[in-house]
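Colleague: I am new to this structure and would like to learn how to read it. Could you walk me through the main features, with the general idea before each case?

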Amino acid sequence: MKREAKFLAEYRKLNPQQRQAVDHIEAGPLLLLAGPGTGKTQVLAMRIANILYKTDAKAENILALTFTDAAAKNMRERLLNLIGKDAYYVHIETFHAFCRQVIADFPEYFPLSAESTHLSDLEKFDLIEKLLDKHKPQRLRPLNIPYLYVRDLIRAISDLKRENIDVLAFEEIVSAEADQLEELRTESKAQGKIRDAQKEFEKHQELLLLYKEYQNYLEQEKRFDYDDMINFVVSAFRQHEDLLREYQENLHYFLVDEFQDTNSAQNALLNLLAAYWEEQGSVADLFVVGDPNQAIYRFQGASVENVLSFTRQYPDARVLNLEQSYRCPQIYYDIAG
């Protein structure tokens, strides 16, 4: 009773828009647009508490995904204050931590061994340099500065993985680019434009070769890099229905903070988990919070398009907007706008 009184006391402090978000339970997907200082973390914690108070759900049926360990810790501390020890049983994790746990719990579905280790940044540099020396690509290994593009290549491979583009998918992209280049040669007389397109195509061909060799090395040595974890789980969920069902049948409520920063791989993971409810003729209890003006992880493959396309993915989704800020006087936000 004391915990419920605490929840009710905090609930009364919410503004009307925040209450609508907290009360939107088992009513389909919801996109909450919330800028900095609008109380979105408190809304997330309050909504989890509200689910546990108003439904027969257990704490372990809830998955809340964040981007940083600090954000996950903050949300759990708020939830502890609201519901007590049950907060420890709610899955409040970063995307990578969630996927790492899936791999640890079901290792038989993944191309790793118990001894598999993470590829360090230094090892990535060393591996790319060795691959450049082995294959000597003309566009990506200048003779006078052979390792000029090492950092760019590491970033490019990382971006491909974060956008959920594996080697086979990238092969298809490069193949389509070859067709486009051939059409350009046939239809255009602009030789400069053709030369530029040819140069880009050759770079992508070489990147494909290096990407393939990079992945072959990881597979042979039973290694993985940071970006592999989410793609491993997405791939395993797609290939093994029993594994996906294990999580779909146990996770009933999904919350995502900083949704505007999700990349394609993370978005694919979320949609796979939520798809079960549509298959059952129901609606997913999917609650995402984002600010399309705050996409700080674009360099990591995050896409504001995820926010803009949410209502296309879930046409029955409700959209709410938190406009009242508590961080500083409203006049400063008006000036900034």
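Modeller: Gladly! Helices (H or I, at least four residues) and strands (E, at least two) are DSSP runs, numbered from the N terminus. This is a predicted model, so to speak, in which local features need pLDDT of at least 70 and side-chain atom pairs count only at pLDDT 80 or more, while totals for chains, interfaces and linings use all residues. Residues are numbered from 1 along each chain as its sequence is written, and side-chain values use heavy atoms, with hydrogens and water left out.

Colleague: How many helices and strands are there in the protein?

Modeller: The protein has 15 helices and eight strands. Its C-alpha trace spans about 70 × 50 × 40 Å along the principal axes.

Colleague: What share of the residues in the protein is buried?

Modeller: The general idea is relative accessible area: buried means under 20%, exposed over 50%, and partly exposed in between (1.4 Å probe, protein chains only). Here, 48% of the 337 residues are buried.

Colleague: And how should I read contacts in the protein between residues at least 6 apart in sequence: what percentage join residues at least 24 apart?

Modeller: Contact means heavy atoms within 4.5 Å. Among the contacts between residues at least 6 apart in sequence, 79% link residues at least 24 apart.

Colleague: Now for helix packing. At what angle do helix H10 and helix H12 cross?

Modeller: Axes are lines fitted to C-alpha atoms, for helices over the stretch in contact, and angles run from 0 to 180 degrees between N-to-C directions. Helix H10 (residues 228-239) and helix H12 (residues 264-279) cross at roughly 35 degrees, and their axes come within 9 Å. As for handedness, a crossing is left-handed if the near helix is turned anticlockwise from the far one by less than a right angle, and right-handed if clockwise. The crossing of H10 and H12 is left-handed.

Colleague: Which residues of H10 and H12 make the contact?

Modeller: H10 contributes Ile230, Asn231, Val233, Val234, Phe237 and Arg238, and H12 contributes Ala265, Gln266, Ala268, Leu269, Leu272 and Leu273. To sort them, count Ala, Val, Leu, Ile, Met, Phe, Trp, Tyr, Cys and Pro as nonpolar, Asp, Glu, Lys and Arg as charged, and the others, Gly among them, as polar. In this contact there are nine nonpolar, two polar and one charged residues.

Colleague: How far apart are the axes of helix H1 and helix H4?

Modeller: The axes of helix H1 (residues 2-12) and helix H4 (residues 69-83) are 7 Å apart, and the helices pack at an angle of about 120 degrees. Angles under 35 degrees count as roughly parallel, over 145 as roughly antiparallel, 65 to 115 as roughly perpendicular and the rest as oblique. H1 is therefore oblique to H4. Arg3, Lys6, Phe7 and Glu10 of H1 meet Leu80, Asn81, Leu82 and Ile83 of H4. By class, that contact has four nonpolar, one polar and three charged residues.

Colleague: Which residues touch the most other members of the largest nonpolar core?

Modeller: A nonpolar core is a set of buried Ala, Val, Leu, Ile, Met, Phe, Trp, Tyr and Cys residues joined through side-chain atoms within 4.5 Å. The largest one here has 41 residues, and Phe98, Phe237, Tyr247, Phe254, Leu269 and Leu286 touch the most other members. Elements giving two or more residues to this core include strand E2 (62-66), helix H5 (95-105) and helix H11 (241-248). H12 supplies the largest share, nine residues. A second, separate core has 35 residues, among them Leu44, Ala72, Ile83 and Ala87.

Colleague: Is leucine 273 buried or exposed?

Modeller: Leucine 273, which lies in helix H12, counts as buried because its relative accessibility is 0%. Beyond its neighbours within four places in sequence, leucine 273 is in contact with Leu63, Phe98, Phe237, Tyr247, Gln248 and Phe254.

Colleague: What does asparagine 271 touch?

Modeller: Asparagine 271 is also in helix H12 and touches Gln313 and Tyr314, not counting residues up to four places away in sequence. At 19% relative accessibility, asparagine 271 counts as buried.

Colleague: Where is asparagine 164 found?

Modeller: Asparagine 164 lies in the loop between H7 and helix H8 (167-187). Its phi is positive, about 60 degrees, although asparagine 164 is not a glycine. With a relative accessible area of 22%, asparagine 164 is partly exposed.
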